[in-house]
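Can you help me read a protein model I have never seen before? I'd like to go feature by feature.

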Amino acid sequence: MDWDSLDWEVLDRLRETFLTDVKTRGPYWHTITDLECYNFTYGERIGWKWDAVLAELKQRGWIPPSGGPVLDWGCGSGIAGRRVVDFFGAENFPRLLVHDHSELAMEFSTHHGRRLFPTLTVERAGNQFLESDEPIGVLVVSHVLNELNAEARAQLAALAARAQSIIWVEPGTHEASRLLGGWREQLRGAGVNVVAPCTHQNACGMFAPGNERHWCHFFAAPPANIYADSQWVKFGQRAGIDLRSLPYSFLVVDRRPVNQAAGYSRIIGEARHYKGYAKIFNCDASGLTELMMQKRDAPELFKALKHSAGPELHQWTHVNGRITHIES
Ligand SMILES: C[S@@+](CC[C@H](N)C(=O)[O-])C[C@H]1O[C@@H](n2cnc3c(N)ncnc32)[C@H](O)[C@@H]1O
């Protein structure tokens, strides 16, 4: 697939599907071309979010558990599962399994998985596997939450209960992020450890009274040349997407103990800069707090926060909404 062979009308129909209830009424991939067009555009953009998440996992020193297969559930074109296997190395996984309620999606994903990883077994997760107790090494979930009915959520919960680890990426919208936060609380209650995005294992501050309007989200960096590419610009306009902004929410959990250094904070969304100060919506073990950082207190960091991309993990103390001490 390339820009010349891309079928823009297919993309228009997919956009309509994603924006309406059609997405919840059953499989919506009509042809392999639908998946090719999706994979080349929407899927590629989702891949950039996965790149950000995987880079953060590397930064945190996280590696996938050995043993069980990777299962990409709700795989669509399979971009998420391929990103994960590619990032950690196909040699580190026994199998890549894909599942979707669309036959076409599984066909596309297995085909492209096998092409990219010729030495790895890539196959559909059959019913036998889905209904078994077999452990799953990494359960990969991407951009599915707003399409699921109660039955699908129950199936996903049963798979999550078998997973050694889960890497889950969703759009950075209020709705998707808070739904994902609900899964975090459920999984945490079942005894799994939170690897990311959190800097702590406590209850999610987003669900504390008064925080209903907030949501846990971050921004990934799209490839640098994207705004100069007239085809991507055309895609952005036609799909109604701001290419400069790549908001995402995510959750990574693990049954193994998590080595999490105490005292870290995370910036939710982005720092907002004003004359001489910045406002930061801060998450740490004590909950969520709106903080103010004076430029004069930390000019370098103040500047860095303006242009930063990637995980905003910091070590600072705060009193009454003001950052009082920053670890270098
Ligand atoms: C927006 S696409 C995302 C695809 C892919 N995970 C990605 O990130 O690009 C959502 C996918 O979830 C699948 N899906 C929706 N409901 C499902 C269900 N109940 N069981 C399995 N797959 C489902 C759809 O068929 C579709 O392929």
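This is a predicted model: local features need pLDDT of at least 70, side-chain atom pairs count only at pLDDT 80 or more; totals for chains, interfaces and linings use all residues.

Q: Let's start with the overall layout. Which domains is the chain divided into?
A: There are two to look for: domain 1 covers 8–254, and domain 2 covers 265–326. Taken over C-alpha atoms, their centres are 29 Å apart.

Q: How many residues does each domain bring to the contact?
A: Domain 1 puts in 17 residues and domain 2 puts in 15 residues. On the side of domain 1 that touches domain 2, helix 3 gives the most, with four residues. Sorted by class, that side of domain 1 has eight nonpolar, eight polar and one charged residues.

Q: Now the ligand. Which residues come nearest to it?
A: The shell has 19 residues, and Gly-74, Gly-76, His-101, Ser-142 and Ala-152 come nearest. Helix 3 (42–59) and helix 4 (79–88) are the elements that each give two or more residues to this shell. As for its make-up, count nine nonpolar, eight polar and two charged residues.

Q: On to strands. How do strand 2 and strand 3 run, parallel or antiparallel?
A: They run parallel, with four bridges joining strand 2 (residues 95–99) to strand 3 (residues 121–124).

Q: What should I look for in backbone angles?
A: Most residues other than glycine have a negative phi, and most peptide bonds are trans. Here, Asn-320 has a positive phi of about 50 degrees although it is not a glycine. Asn-320 belongs to the hairpin of strand 14 and strand 15, which has two residues between the strands. His-143 also has a positive phi, near 55 degrees, and sits in the loop between strand 4 (136–142) and helix 7 (150–162).

Q: Where is the cis peptide bond?
A: Look between Ala-196 and Pro-197, where omega is about 10 degrees. Pro-197 lies in the loop between strand 6 and strand 7.

Q: Why does His-143 count as buried?
A: The idea is to count neighbours: a residue is buried if 20 or more other C-beta atoms lie within 10 Å of its own, and exposed if 12 or fewer do. His-143 has 21 such neighbours, so it counts as buried. Asn-320 has 8, so it counts as exposed.

Q: What about a residue in between, such as Tyr-227?
A: Tyr-227 is partly exposed because 13 other C-beta atoms lie within 10 Å. You'll find Tyr-227 in the loop between strand 7 and helix 9 (230–239). Leaving out residues up to four places away in sequence, Tyr-227 touches Val-233, Leu-243 and Arg-244.

Q: How far apart in space are Tyr-227 and Arg-162?
A: For Tyr-227 and Arg-162, they are 65 residues and 42 Å, C-alpha to C-alpha. For Ala-203 and Glu-185, they are 18 residues and 7.0 Å between C-alpha atoms. Ala-203 lies in the loop between strand 6 (193–196) and strand 7 (218–219).

Conventions
Residues are numbered from 1 along each chain as its sequence is written. A residue is near a molecule or strand if its C-beta atom, placed from the backbone, lies within 6 Å of it. Ala, Val, Leu, Ile, Met, Phe, Trp, Tyr, Cys and Pro count as nonpolar, Asp, Glu, Lys and Arg as charged, and the others, Gly among them, as polar. Domain bounds come from an automatic or database domain assignment. Two residues are in contact if their C-beta atoms, placed from the backbone, lie within 7 Å. Two strands pair if DSSP finds at least two bridges between them.
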